[in-house]
Amino acid sequence: MASFKPTKIPVYPKLGEKVTQDTLYWKNYKAPVQIKEYGAVSNIDFSPVAPHNFAVTAFSRIHVYGPFSQEPVKTFTRFKDTAYCGRFRSDGQLLVAGCEDSVVRLFDVSGRVALRMFKGHTKAVHVTDFTSDRYQILTGSDDYTCRLWDIPNAAELSTYREHTDYIRCGVTSKLNRDLFITASGSYDHTLKVFDARAEKSVMTMDHGQPVESLLLYPSEGLLVSAGCGRYVKVWDLLKGGQPLVLLKNHHKTITCLALGSNGERLLSASLDRHVKVYNTTTYKVVHNFDYAAAILSLALAPDDESIVVGMTNSILSIKHRKHTEESKEMMSQQRRRPSYRVFVKGKNFVPKPDDYLVSKPVKEHLAKYDRELKKFNVSKALDASLEIWLRKKKPEITVGVIKELDRRGTLKNALAGRDEEQLSQLLHFVIGNIVDTRFAPIILTAAEMILDIYKSVIGQSALIDQQLLRLQNILESEINLEQELLEVLGMLDTMFATSVTRKEVPYSDVGRSNGLAQGEASSSRPELFRPPEIK
């Protein structure tokens, strides 16, 4: 009896992603360094000056990390409750942060004790930032107010009470010390532009949903807002806050925004564990990062040297960019190749006449579906190939088993006799892969057999009926697309036929039909065919 041959799984071309310059650029990062923090990482901010340390706000602490350090170089713990929004000043010497106890604290980066404590808010302060002149601080609180503070005198300069709910994000102008923008993060849904020289806001925009993050472009002519509702909106401030672009690429709340590539790329992070990279010219997604948990904070180092992400599971993920010098060093430090004698060792060995060769039979390990096929359990073999991890990660194996069952003539037996759950799994695989050009010829055969076997029980299960209707819609849509493509192909054929110029065929000295020379023929061109006259 011949030995059992395992199922031959066909090798299909991979449907890889399109490789672009953005793909190569944003994939050029090392494996992430992960650091466990004391709580959820709510804010990350890079220092504007070298060596570009970054402050991580998590729970009741602010840790300052060096660009390549895995341990904090400085820690600020003088908070009685949860800290929020640790931000560096433009010279990198001061750091400001809010707190759940409504007190705003100002720190010297080289010290530990708070230089100033600003008291005036009555609830948690979630927004802190420096103005462009370095001598004032903007704060926003859950008491519905935003305030300007003077650093040298530790005094309150202005209070704005126009918001009607919690203020959860804000940004100051880097070009004009008097301008700043705040947004309510609850039911207000509004963005307000304030001028310190005026008593009220000078511009109001309605985001339509709670706002979690604001971002100003370097030119400060465009403003980006994001939050609940999964929308990213771009506003033109030079046209009175006119909305320009609406992006809908996330499916959960967007928590933070960042600019990369010198303002040419926009990044958005969300609770759906994804970071999207947009082209700021076309606002199309050019790359995507996936993370293990919901993202609360995101920051980019200057020149995109590092991407730092803080998550709800208290993990801080840091990715550093690869450099050509490092790759050259790795090439130079490769393992030394074996010497010549290693390759020629045993080359001239000849066994002695009395030697006895003991060979151990090689045990062949079969996959689960092959073991069932060897026992002729065709239904169990198909079930084994329909396991979740196989049909999702390697659908070609499931297709290969179906093809083998069809070759043996037992595919109909394997498909028959299934209960509602098993049939649902099978239809789920058919629906997901029937339009794939690699699998369509085989899956169509299986789909026809399924309809022939189970047409008598249609209407007894709502789940199966719903899947069959979905399969019908997919097939009808595919047929319509093919018909439209055929119509377009016919149009193109007509256009190509009419655009081809007609060229006169040159005649040689000797006629091709009768071998006469050109002079001997009555005419160099053949006469047109004339039908005989009817008498």
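The structure is a predicted model, in which local features need pLDDT of at least 70, side-chain atom pairs count only at pLDDT 80 or more, and totals for chains, interfaces and linings use all residues. Residues are numbered from 1 along each chain as its sequence is written, and side-chain values use heavy atoms, with hydrogens and water left out.

- Residues 204-237 are 59% strand and 0% helix, where helices (H or I, at least four residues) and strands (E, at least two) are DSSP runs numbered from the N terminus.
- The end C-alpha atoms of residues 204-237 are 10 Å apart.

**Helix H10**

- Helix H10 has 15 residues, 440-454, and spans 21 Å from its first C-alpha to its last, close to the 21 Å expected at 1.5 Å a residue (1.5 Å times one less than the number of residues).
- Among the buried residues of H10 are Ile442, Ile443, Met449 and Tyr454; buried means under 20% relative accessible area, exposed over 50%, and partly exposed in between, with a 1.4 Å probe and protein chains only.
- The buried residues of H10 pack against helix H7 (395-408), helix H8 (411-415) and helix H9 (420-433).

**His287**

- His287 lies in strand S25, residues 285-290, and is buried at a relative accessible area of 9%.
- Leaving aside residues up to four places away in sequence, His287 touches Thr23, Trp26, Lys27, Val275, Lys276 and Val277 (contact means heavy atoms within 4.5 Å).

**Salt bridges**

- The whole structure holds 19 salt bridges, each a side-chain nitrogen of Lys or Arg within 4 Å of a carboxyl oxygen of Asp or Glu.
- Arg134 is partly exposed at 35% relative accessible area, whereas Asp91 is buried at 14%.
- Glu156 and Arg147 meet in a salt bridge at 3.0 Å, N to O; Glu156 is partly exposed at 34%, and Arg147 is buried at 7%.
- A network of salt bridges links Asp133, Arg177, Asp178, Asp195 and Arg197.
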